[in-house]
Every structure is written in structure tokens, then in C-alpha cells.
Amino acid sequence: MANPKAAFYWASSCGGCEISVLELGKGLVDLSKKVDIVFWPIALDFKYSDVESMPEKSIDVCFFNGAIQTSENEHMAKLLREKSKILIAFGACANGGGIPALANTTSREQIFTRVYKETPTTDNPKGIIPETKVQVKEGELTIPEFYNTVRTLDQTVDVDYYVPGCPPVGEQVAAVMNDIVGGKLPQKGSVIGASDKSLCDECKRVKGDRKIKKIVRTYEIIPDTEKCLLDQGIICMGPATRGGCGAQCISANMPCRGCYGAVPGVLDQGAKMLSALSSNFDAENEQEIERIANGVLDPIGTFYRYTLARSLLRRAKA
Amino acid sequence: MAEKIGVYVCDCGSNIAQMVNCKSVVDYAATLPNVTVAREYQYMCSDPGQELIKKDIKGLGLTRVVVASCSPLMHELTFRRAVEEGGLNQFLFQMANIREQCSWISENKEMATERAKAIVGAAVKRVVFQEPLEVKKVPVNPNVLVVGGGITGIEAALQIADSGKKVYLVEKEPTIGGYMARFDKTFPTLDCAACILTPKMVNVAQHPNIELLSYSDVTGFSGYVGNFTARIRRRPRYVDEEKCNGCGLCTEKCPISVPSEFECGLGKRKAIYRPFPQAVPNVPVIDREHCLFFMKGICKVCVKFCPRGAINFDQMEEYKDLDVGTAILATGFDLFDASKVKQYGYGRLSNVITSLEFERFSHASGPTGGKILLKNGQMPASVAILHCIGSRDTNFNEYCSRVCCMYSMKIAHLAHEKTGAKVYEFYIDIRAFGKGYEEFYKRLLEEDTVFIRGKAAEVTDFAQTAAEKGKLIVVAEDTLLGIVRRIPVDLVVLSVGLVPRKDAADLARVFSISRSQDGFFLERHPKLAPVSTASDGIFIAGSCQGPKDIPDSVAQGAAAAANALSLIDRKEVALEPTVAVIDEESCSGCKICLGLCAFNAITFDESKRVSRVNDALCKGCGVCVAACPSGAIEQRNFTDDQLLAEVESVCASER
Amino acid sequence: MTNLTSNFEPNIVGFLCKWCAYTGADLAGTSRIKYPPNVTPIRVMCSGRVDPVLVMKALSSGADGVLIAGCHPGDCHYTSGNVKTIRRFKLLQRMLDQFGIERDRVRLEWVSASEGERYAQVVENMTETLRTLGPLNWNGGKEV
């Protein structure tokens with residue numbers, strides 16, 4: 001019997017998800033014996049045309065990481081959906097938009113202006129910004145369109161499974177791979193490689209009274225390693241974030257940033273964390289409450305760091 | 001999952017029908033998903049209207065019912081009962097308010113009809129997600145716990161005991177009587193406080209239905225309405241209450257004298273003592289801090305002289321658990337500490353005393369046998385009474401202590417009567433609000449009391465003129481004359497305000513009740529429920545709820561008793577089922593919810609590492625539901641699905 | 001931003017607490033006070049039940065505004081439910097600022113059970129303000 005065929009693709013992402021696959025280390029070698037990798041831009045020299053020429057549903061499983069920010073990303077998402085039996089939204093960006101989705105707080109125009117005109121080291125006296133089409137003497141050159149709004153994978157194509165994380169933790173990647181190779185497929189639409197409870201369930205720290213008098217940023221104090229970070233005034237997204245990552249950030253004395261996305265059953269991770277955090281502000285009158293609330297300097301960046309594209313509002317007003 | 005919804009649109013005579021096109025609403029409702037039947041009727045709340053619903057439930061097998069009529073606050077119970085009688089669980093019903101919040105506020109028929117459709121649409125979408133709920137009933141234990149044996153607690157205890165129910169009256173001090181036992185006369189009638197109080201105290205002692213637990217505290221209180229358990233700590237008197245006959249020989253013979261707390265330190269008591277002669281129970285207590293036996297192992301004179309062998313140095317602290325159905329807190333107040341206001345010289349200048357100290361001087365059984373005397377043993381020729389000490393003051397307490405104007409006037413009267421002194425009262429406003437109070441004020445004016453409108457700024461002994469030498473000078477701006485005055489007097493009485501007791505915070509925690517901003521216990525509603533608290537079954541009465549005079553304290557004591565009896569006579573109480581429920585499979589143990597419950601209904605199970613809601617304590621506010629970051633808490637009948645359905649429907653409706 | 005349609009009627013979702021705001025709104029009706037019907041009430045037991053998720057849902061589903069109405073601070077039937085509402089609201093306001101949603105669109109008001117007149121005024125005021133602001137039309141980046 002032939003080995004199952006696997007594909008990996010990176011859309012709008014940082015490459016970290018690819019690294020997490022590479023971090024399987026020796027496991028990768030074992031995996032390569034059980035699976036035929038037919039497409040993996042970061043590691044192997046397959047071309048888009050190779051994918052285009054594959055028969056429909058000939059790829060058994062495709063691990064798609066990265067958000068959909070350009071027309072190229074969208075094209076590949078649709079292409080790989082067509083060619084794959086199982087399409088997995090791999091990593092925070094594909095799941096919720098990830099860091100790239102923070103572009104939804106601004107606009108393409110503002111991004112281009114900043115990147116191509118305003119940054120101190122840019123030398124662009126003519127103020128040239130990219131266009132999707134340009135005529136040169138050889139003909140027409142095109143580059144993918146840069147979308148105004150970043151989307152998740154499942155807002156673009158139908159997705160079979162979700163593996164959250166920024167990046168998904170190595171052991172989870174291996175476990176998912178083995179499950180798929182072994183034919184142990186859960187119900188379509190499931191989140192795999194993660195827990196069904198929030199991070200607080202696996203975090204070993206002692207949880208106190210959750211009363212918050214002041215929000216502090218991570219550089220302002222040296223947090224006690226035994227006490228819950230939230231109780232010390234540091235915003236830890238743990239209560240509103242799916243667990244399964246082993247609370248690695250917490251072990252490094254840093255707060256959870258929410259990269260595994262919302263806990264099952266929660267419609268909007270950011271709004272839920274906002275509610276959980278603010279409900280415990282230790283103040284009764286309006287001015288005091290406002291003072292504490294002002295300690296959250298960037299609410300969207302804090303509460304929707306990885307899931308803005310998946311939130312109810314999805315983007316700031318254009 | 002298809003439901004069969006029956007939608008009933010009420011004309012309410014013309015109340016709804018004149019503004020809302022009910023037929024149009026019915027036609028619209030019939031097009032909505034899951035709606036089996038939609039009808040219009042003139043008066044849905046009438047018997048035939050209710051019959052319509054019952055008939056359709058049976059005949060059409062309806063699984064949900066929506067009635068579009070008046071406000072749920074009006075008829076929700078009516079229709080719930082009808083639905084239940086029709087054979088469907090009463091919580092599978094939703095009301096659409098198209099009267100108070102639609103027809104009656106509209107001027108335009110088209111808009112009113114569109115709005116009615118939007119409201120009905122939301123109810124129809126919501127009701128699909130509703131689930132059957134059972135109303136839990138719990139029995140009510142007829143025993144009552146009254147905490148505090150002052151006049152308020154005594155009143156409450158007697159009322160309840162007279163109705164045949166058992167009362168546990170717990171009092172912290174060795175005797176009941178509270179502050180009232182320390183007063184000389186009471187305003188405005190100038191009744192002798194002891195004369196009206198002591199008969200009631202004796203009634204308490206003799207009442208077969210009252211178990212008096214004096215020299216005791218409440219250290220724990222758990223359970224829920226109708227089913228509480230109170231943990232009482234009985235402190236050791238070192239005198240056996242059963243054996244003691246109150247002869248008083250022990251007190252007479254005891255060699256140790258110390259300042260008496262009852263006398264504000266102005267008189268003395270023995271190391272074995274009764275706070276005052278009419279104490280109830282009439283049993284002394286040994287103060288082990290000053291008793292020679294406890295300090296050095298010697299003396300034992302009391303043992304030698306006690307004819308009943310009632311002294312028992314081996315008595316230990318005891319704990320007792322009491323099962324009660326309701327509790328009344330009547331723990332009273334404390335007086336504002338006048339030494340905090342340094343400019344009046346309390347504690348520094350001789351002859352600056354508090355109102356309570358004046359009471360003790362004036363009292364026939366007090367340290368001076370009822371004479372008002374200065375430090376040098378002479379009677380004052382002039383007395384100044386300073387109002388609002390610690391009250392109406394942004395530096396201390398902003399509230400008015402309510403009783404001080406009246407007791408100041410009483411003191412003025414007593415001072416004048418007993419010494420013939422010239423009396424000055426320095427006031428901000430005169431608050432003489434009660435029955436006979438204004439008349440009393442007039443009487444004081446006729447007694448030539450000098451009322452100076454201006455809060456005293458300072459009391460000093462630094463004389464500026466010969467006339468001021470050896471006197472206390474009260475400096476105040478007379479705001480009616482517009483000048484600053486210096487009035488030399490012999491005696492200054494500070495009318496100190498009423499403050500919450502030092503242990504109010506601890507007691508509030510024990511009973512899980514709230515306190516208002518000023519620290520007094522919080523009533524359920526300031527006008528409509530002044531003696532109830534947010535916790536069913538726990539009542540408050542008297543000054544622990546806020547400063548008040550004796551008539552109001554007694555009224556509240558009786559009111560709290562009535563509330564308790566009302567609950568007891570119902571025999572069982574229904575618990576609201578719209579409570580919060582935590583799905584232990586989803587709960588991650590993050591504890592975000594724990595501190596949010598005003599009723600302490602959420603506890604944490606350490607072994608399972610999940611939070612749990614006690615559905616008897618839960619009031620169904622939904623605060624924890626909105627906060628839970630795992631979405632593990634749901635509020636019955638107000639679930640996220642139900643509310644989201646309403647939101648979606650409202651947002652999609654046309655304008 | 002001017003509204004394009006001159007007869008734009010704002011669609012406002014109202015979360016009213018049963019004990020105070022909803023009762024106050026009923027009183028407005030009983031008193032036959034006429035006010036714009038643009039706030040459709042959703043009854044909750046306490047304003048503290050209002051999860052910011054519900055507010056976001058309303059805004060992203062077509063509402064032009066959201067009104068949260070509860071008991072005055074100190075009067076909450078559940079003692080301090082409305083305090084939690086203020087806490088969430090203050091932070092939510094800051095976040096909605098970032099989303100570019102005008103502060104007038106999401107309002108927290110205290111309406112006691114005896115304030116029928118006040119409820120009518122609040123609704124009228126909010127409706128007028130939103131008429132000027134225009135529809136929200138939150139398509140949530142469904143455009144590409």
C-alpha cells in the first residue's frame with residue numbers, strides 16, 4: 001500500500017510553524033518513512049505547477065499554515081483545498097489570523113504608506129508603492145494583490161481540522177501526524193493537538209483572589225514564579241485560551257498571549273477575556289475603574305493578538 | 001430539531017390593537033420558522049384566552065408558547081401557570097411585550113407594527129432554545145437566630161417568641177440591654193431609659209421560647225434560606241449560670257477594682273462583676289486580665305464567700321451549633337471616637353466629655369450618683385454642647401447621625417435642670433424630625449438654652465481675657481450674626497456621632513451580607529425593604545443598618561420579626577430556578593468567577609479543581625456567566641444561546 | 001459622516017435589567033410617554049449578565065447601537081452586579097475606540113424603576129445621535 005501523501009504550505013506567516021515541523025528532529029526522519037511529502041516550499045523544491053497538475057483529492061493531508069492576506073495566499077488555499085482530502089488549518093495564523101491579522105486594525109493604504117514611504121531607513125523619493133500590475137517593455141508584470149482585510153483559512157475555504165498554536169507545540173505536531181497516519185480521524189471540524197479546557201487547567205501556579213488593582217506590563221516587575229501572573233497584575237490570556245501547550249510561556253515566567261485561540265464554546269476570545277479581566281478590577285467607583293482600565297494600553301493587541309480575524313468584529317473600521 | 005411554537009397576539013382590548021396591526025403581526029409570526037400556529041385574541045389573560053393556549057398545547061402538540069401582550073412583569077406568572085396547566089413546562093414559554101414597550105409609546109401605527117413584529121420575532125427565536133426547568137422548594141426551619149441583645153434585638157426576640165417560635169438570642173456582652181442601658185433619660189418624653197428597658201429585659205430572661213446565649217459570639221454561619229447553621233462561641237464567665245443566685249457577695253468581697261467600661265472609665269468595677277445592677281442574666285463574669293487567681297494563682301475570695309459554689313475557674317470556651325431558618329442582625333453601633341478630632345481637646349483638656357459620659361454622670365446609679373460634676377468636684381455654671389462631632393464631616397463621616405440633635409437637647413435640658421447652668425448649643429442644623437421632637441426643641445428654647453448656629457471650630461483653655469481664665473473657651477463662627485465668637489464655659493459636651501461597630505466588617509463576612517459605603521449593613525432596598533438584606537432569610541434591624549433613635553429601632557426590630565415570621569409561616573420557600581450552573585467538564589478551574597458572586601454562592605472544589613455554584617444561594621444575576629472565560633457557566637433561562645438568538649433576531653429586523 | 005438615506009432609522013439593541021431599567025421602561029409606557037421605538041429591549045436579570053460578546057454580536061450583526069441599562073450604582077438588586085457592568089464597559093469602550101466604533105454607539109445608562117421619563121429621554125437622545133452618526137453597516141471585513 002502506498003504511503004499517504006502530505007503537503008505543507010505557508011501563506012501569510014512567519015515560518016515558525018514550519019520550524020515546529022522541522023523540530024520533530026529525528027522524528028521527521030521516521031515520519032518521512034511513513035509519509036510521502038509532495039509539496040513543502042520551505043524545504044523542498046516543488047513548484048505551484050506541480051500542485052496544479054495533481055489530481056483532485058490526491059493529497060491525503062495538507063498542513064496549511066499562515067493567514068490569507070494576499071491573492072496568492074487565497075489562490076493556494078483554494079488550490080490545496082481542491083487537491084487535498086484533508087485540509088488542516090495549522091497554527092494560529094491559519095486558525096484565527098494570527099499576528100498578520102493585526103493588520104486588520106489598519107488599512108492597506110496605511111500599511112503601504114508606512115512601509116514604503118515613512119520608515120526612517122526607506123529611500124523612496126518618488127513615493128513608489130507596489131501595484132498589482134505594471135507594464136514593462138517585455139510585457140505585463142503582475143504581483144499578488146495585498147488584501148485590505150486578513151482572513152482565516154476557514155473564512156476562505158472549507159477546513160477539516162484545526163491545530164492551534166504559535167507555533168503548535170512539537171509533541172502535538174507529532175501526535176497529530178501519527179493519528180492521521182494511523183487513520184484515527186476525529187469528527188470533521190475538530191480542533192486537534194490541544195486540550196478542551198483553558199490553560200489554567202494545566203498551569204501549575206497558585207491561583208489567588210484575581211482582584212486587580214493595577215495592570216502592570218511584563219517589564220515593570222519581576223513576577224513571583226509560584227503565584228498566578230494575573231493575580232500579580234500581568235495580563236495573562238490563559239483563562240481564555242485553549243490549553244494543550246504545556247504552559248511553556250508560563251514556565252518561562254511570561255504570560256500566555258492567547259495563541260491557541262478561544263476555549264471551545266466561546267464565540268469571541270478577546271471579548272471574553274476582556275470580560276473576565278475587567279470583572280475583577282478591584283474598584284467600585286467609575287473613576288477608579290477607569291484608571292485601572294487605562295492600564296490596558298492596547299486592548300485589541302492584548303485580547304485579540306492571535307484571533308482578530310476570527311473575532312466577531314474582525315477588523316477596525318476601514 | 002423542530003419545535004412547535006404557538007404564537008398568541010393579544011389585542012388587549014384597544015390598548016394594543018389601536019396602535020399595532022395585530023393581524024399583520026399574526027401573519028408575520030406564522031411565517032417564522034418552527035411556528036405551528038399563530039392566533040389573535042382580544043384578551044389573552046382572560047380565562048378563554050388562557051384556554052386557547054391549553055387547547056392548542058394538547059390539540060396541536062405544541063412544544064413552545066409565545067404570548068405577545070403586556071409586560072412580563074404584569075402577566076408572566078399568569079401565562080406560565082396556564083402553560084403548566086396545559087401540560088407543558090412553564091419555562092417553555094416566552095412573553096413579547098408589545099404594550100408597555102410598544103403600543104403605548106408609539107405615535108405611528110406603521111412603526112409600532114414593525115416594532116411589534118421585531119419583538120415577537122425575537123421571542124420566537126429565543127423560545128426554541130429554552131428548556132424545561134423545575135422549581136425547587138425547601139422547608140423552613142422555624143427557629144430564629146437574633147444577634148444582638150440591645151433594644152432592637154430584644155424587641156425582635158420578644159415578638160417572635162410571643163408567636164410561639166423558638167429564638168436564640170446571642171449577645172456579645174455579659175448582659176443584654178445595649179447602649180440604652182447606659183442612658184439616663186430618653187428624648188423627647190424624658191422617660192427613664194432603665195425604667196422602660198429593664199421590664200423588657202426581664203421578659204426576655206423569663207420567656208420560655210427565648211434561649212439567651214450571653215457573653216457569646218457568632219463565629220460561623222452557613223446554609224441557605226430556611227436552612228442555616230450558626231456556630232456560636234460561648235466565652236467562659238468562670239461562674240456557673242445554673243448555680244449562681246445573683247446575691248452579689250462575690251462582687252462585694254473582691255479586692256480588685258478597675259475602671260468600668262459600662263461607666264466609660266469614669267467609675268470602677270471589680271474583677272468579678274456585673275456590668276450594672278439590673279443585668280440580664282444576673283450572673284457576674286470574671287475578668288481574667290485583672291483577677292488575682294488568673295494572674296498569680298492567689299486570692300479566691302469569691303470562692304470562699306459564694307454560698308452556692310458557683311465559681312468555676314476551669315470553665316472553657318465552648319462551641320455550639322444552632323439550626324435556624326432565619327437570622328436577624330441587631331448588633332447596634334459604636335460611638336465616634338472624639339479623640340480623633342484634636343481641636344476639641346478630648347483626652348487632653350479636663351472637662352471635655354462625650355455625650356455618653358454625660359449620661360453616666362446624669363444617671364442616678366452612675367459614678368457621681370446623678371450629679372453633673374467637673375473634675376474639681378464642683379457643678380458647672382456653664383455648659384457648651386457641640387453638635388456633629390464626627391458627623392456631616394468630610395474628614396470623618398459624611399452622613400448625619402440622626403439622633404445627636406435630639407440627644408444634645410436632652411443633655412441641655414438635664415444640664416440645666418440639674419445644675420442651673422447656662423447652656424449653649426453649637427449646631428449646624430437642628431434636626432427635630434420625629435413625633436414630639438419639634439415641640440421638645442421649642443421647650444428647650446423656652447428654657448433659655450442659647451442656640452448658636454455654627455459648628456464649633458475649637459475648644460481651648462488659652463484665655464485671652466480675664467473672664468476666660470480657668471475656663472474652656474469654645475470658638476465658633478456664629479453664622480447668623482456673621483461674627484466669630486468665643487464663649488467661655490466650665491464644661492464641654494461633645495455630641496459624638498454613631499458609627500458602625502468595629503466588628504461590623506467581620507460580622508458581615510460571617511453572614512455574607514454587604515455593607516453600604518458608610519460601613520453600616522446594607523438593606524435590600526432603602527425604601528421598600530429596609531430590614532431585608534440581599535440574602536434571603538437574613539434580616540437587619542436597628543442601628544446596625546444606620547443611625548436611628550429608639551422608636552425607629554424598635555419599629556425595625558418588630559419589622560424584622562414580621563419578615564422572619566412571614567417566611568416561617570410559609571413553611572416552604574421556592575428557589576428561583578434561573579440560577580447559574582457550572583459545567584464541570586468545561587470548567588478549567590481558573591477561579592475568575594469565585595470573587596464575583598455577591599452572595600458567595602460559588603465555591604471551589606480543590607480535589608476536582610472546578611468551581612461549583614450552590615443553587616440555593618445563587619440569585620441568578622448572571623454576573624459570573626458573563627465573566628467566565630471558558631464559557632463553562634450558563635444561566636438557566638438566560639443562556640448565551642437564548643440571548644444570542646434574541647440579538648440576532650433584533651439585528652436582522654427591518655426598520 | 002453624513003447619512004445617505006434621509007429616513008434612516010437606527011436599529012438599537014437594548015439590554016435592560018429586569019429590576020430597574022426594564023421596569024422603568026414599562027413605566028414610560030404605562031405613563032403613555034411617546035418616544036422613538038428604535039431600541040428593542042432584551043430583558044436580562046441584571047446588567048451584569050451583559051457579556052461584551054453579546055455587544056460585539058449585536059454590532060457585527062446589523063445593530064447601529066447598543067444600550068445597556070441597569071440600576072443606579074448602590075441600588076443593584078444583586079448588590080454589585082452593576083459594578084461589574086461598569087468595569088467591563090470602561091474597558092470595552094477603550095477597545096471599541098480602537099475598532100473605530102464611535103462611543104455614542106454603545107452606551108451604559110442607569111435607569112431606576114421609577115424613571116420612566118428618563119428612559120424615554122435616553123432612548124430619544126440616543127436615537128437622535130445615531131440618526132446623525134448614520135448606520136454602522138458593519139460588514140466586518142467581508143469585503144476583500
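Modeller: Gladly, bearing in mind that the model is predicted. The domain assignment of chain B gives domain 1 (5-133), domain 2 (144-234 + 323-332 + 508-572), domain 3 (236-316), domain 4 (335-499) and domain 5 (576-636).

Colleague: What makes up the contact between domain 2 of chain B and domain 4 of chain B?

Modeller: Domain 2 of chain B brings 18 residues and domain 4 of chain B brings 25 residues, and the area buried between these two domains is about 1800 Å², with 65% of it from carbon and sulfur atoms.

Colleague: Why is the pair Arg402(B) and Asp552(B) called a salt bridge?

Modeller: The N to O distance between the side chains of Arg402(B) and Asp552(B) is 2.8 Å, and the cut-off for a side-chain nitrogen of Arg and a carboxyl oxygen of Asp is within 4 Å, so the pair qualifies. Across the interface of domain 2 of chain B and domain 4 of chain B, the rule finds 2 salt bridges.

Colleague: What makes Glu648(B) and Lys57(C) a salt bridge?

Modeller: Their side chains meet at 3.2 Å, N to O, and because the limit is 4 Å for a Lys nitrogen and a Glu carboxyl oxygen, this pair also counts. The interface of chain B and chain C has 3 salt bridges by the rule, together with 18 residue pairs in polar contact (both at pLDDT 80 or more).

Colleague: Which element gives the most to the side of chain B that touches chain C?

Modeller: That is α16(B), with 8 residues.

Definitions and conventions:
Residues numbered from 1 in each chain as written. Chains lettered and ligands numbered in written order. Predicted model: local features only at pLDDT ≥ 70, side-chain atom pairs only at ≥ 80, totals over all residues. Heavy atoms only, no water. Domains from an automatic or database assignment. Contact = heavy atoms within 4.5 Å. Buried area = accessible area lost by both parts, 1.4 Å probe. Polar contact = N/O pair within 3.5 Å; in protein donor to acceptor, adjacent residues only side chain to side chain. Helix = DSSP H or I, 4+ residues; strand = E, 2+ residues; numbered from the N terminus.
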